[in-house]
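Trainee: I'd like to learn how to read a few features of a protein model. Could you walk me through them?

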Amino acid sequence: MTPEALSALRARFGEQFSTVPAVLDAHSRDESGLEQMRPHAIVFALCEADVVDALALARAHEFAVVAFAAGSSLEGQLIPLQGGLSLDVSGMKEVVDVQPAGFQATVQPGVTYPELNRLVRAQGLFFPVDPGAEASLGGMASTNASGTGAVRYGTMRDNVLELRVALMDGRVIRVGSRARKTSAGYDLKHLFIGAEGTLGVITQLTVRLWPLPSHLVALRCPFPSVEAAAACAVSVMTAALQPERLELMDAEGLRAVNLHKGTAFPEHPTLWIELASPSAAALEEALTLCCELCLDAGAQEVGVARGAAERAALWEARHHAFYALKALYPEHTSLSTDLCVPLQHLPEIIAFTRAQVDGAGLHASLLGHVGDGNFHVLFHARPDDQDTWTRIEAVYDRMIAQTLALGGTCSGEHGVGLHKRRFLAQEHAGALELMRDLKALLDPRGLLNPGKILPDPESGAASE
């Protein structure tokens, strides 16, 4: 970034502008921890006009812009590969409007989903997309995040009604509709959801709210193997029980949680299931059927949590699994995969993955949102252990190839970012040129989050 550009940013934004080294460092990485690169400067946007003006200065001085909020992405989306400006929207915290009768809320992008839920809970409502981290709603839309609630309520694409997006050419557009359905024009809303800030910067979004379930129960079901647990997950889904959540953790994940949280869960592959019904009687019927299915599938026991505190303790263990596993090996670097297959192929891909990991002599943990076919493997090794990282990459490549052969995707919820560009080339080779055309149309100089999503055109894949 040129001195002239820095001066122009400082003149426009004053105290909202920073080049303090510690602040630059905080914006140089994401949760993946795999890379780190400082931006030249930070602007803390407080309103839509700040975003528009920052993009105008980027246009005039030709520097890159990477939108930043909670910093919780896992695929390198936030790393400013060309330096430039980190445009921090975490201060855009206004809840603009809540319409309980319309089951919707309009928020600025820096509002986190727990903040919104604390606000609307008193009205008997909640926002169901829960990726686990204290993620911002703008960032969640940018990566099409999901989480434990997706099996029942869908992903961000299913729960965003309308967006305001600032474009690189100075326009701010409204896409989507606050109406529950629309057939008007091209579906531009879904173009920006999951675009990771490469096509525009989200400045406002209207999201769907849902009624809080009346009656809830959570189940903890340990199994002798991850394959048996995965097969049971498919059985639960085909029984039309419509679980609120259906999660899997392997024995290593439970060991990490027990050490990290001081809990004493049996350290076996375990399904965590949450059921909801409008009446106590209907919930008991669903619970009885679910218990029978799990025991018939080989569950060693079925633990039932009925009270709110008991259920919260169960789900806290699942939500903290990623951080517990990382804490178990503090000197290691971690790599989390994010594969998703059609549900009927879930037991097959789980068995394939377990065999590949064990066959390569790797130490890794498997967990996931198995009710919708989405699972993660957390690999780890010392940063300088090149032999292990070579084996991890080889296993990861084979996992991707098998997932795509089964009709799946390289990313169920984390996005593509920096790390999965070469896999996108495998999954969508026939559509890559159209994706590049869309990028060139909306960002002709390539200033919005450069180096993300699309693989290098000269090689067809991202350089390692």
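Mentor: Gladly! Let's begin with surface patches: a patch is made of residues with over 30% relative accessible area and no salt bridge, and nonpolar side chains are joined within 5 Å. Keep in mind that this is a predicted model.

Trainee: Which residues form a nonpolar patch on the surface here?

Mentor: Leu434, Leu438 and Leu441 do, and together they have about 300 Å² of accessible area. One of them, Leu441, sits in helix α17, which covers residues 432-442.

Trainee: Is Leu441 buried or exposed?

Mentor: Exposed means over 50% relative accessible area. Leu441 has 66%, so it counts as exposed.

Trainee: Now the cysteines. How many disulfides does the structure hold?

Mentor: A disulfide is a pair of cysteine sulfur atoms within 2.5 Å. The structure holds zero of them. Take Cys232: its nearest cysteine sulfur belongs to Cys294 and is 3.8 Å away, and Cys232 is in no disulfide.

Trainee: Why does Cys232 count as buried?

Mentor: Buried means under 20% relative accessible area. Cys232 is buried because its relative accessible area is 0%. Cys294 is likewise buried, at 0% relative accessibility.

Trainee: And what does UniProt list for residues 35-212?

Mentor: An unreviewed UniProt entry gives that range as "domain: FAD-binding PCMH-type". In the model, residues 35-212 are 23% helix and 25% strand. The end C-alpha atoms of this stretch lie 40 Å apart.

How values were computed. Residues are numbered from 1 along each chain as its sequence is written. This is a predicted model: local features need pLDDT of at least 70, side-chain atom pairs count only at pLDDT 80 or more; totals for chains, interfaces and linings use all residues. Side-chain values use heavy atoms; hydrogens and water are left out. Patches are made of residues with over 30% relative accessible area and no salt bridge: like charges are joined within 9 Å, nonpolar side chains (Val, Leu, Ile, Met, Phe, Trp, Tyr) within 5 Å. Accessible areas come from the Shrake-Rupley method with a 1.4 Å probe; for residues, only the protein chains shown count as cover. A salt bridge is a side-chain nitrogen of Lys or Arg within 4 Å of a carboxyl oxygen of Asp or Glu. Helices (H or I, at least four residues) and strands (E, at least two) are DSSP runs, numbered from the N terminus. Buried means under 20% relative accessible area, exposed over 50%, partly exposed in between (1.4 Å probe, protein chains only). UniProt positions are given in the numbering used here, feature names are shortened, and annotations may be inferred rather than shown by experiment.
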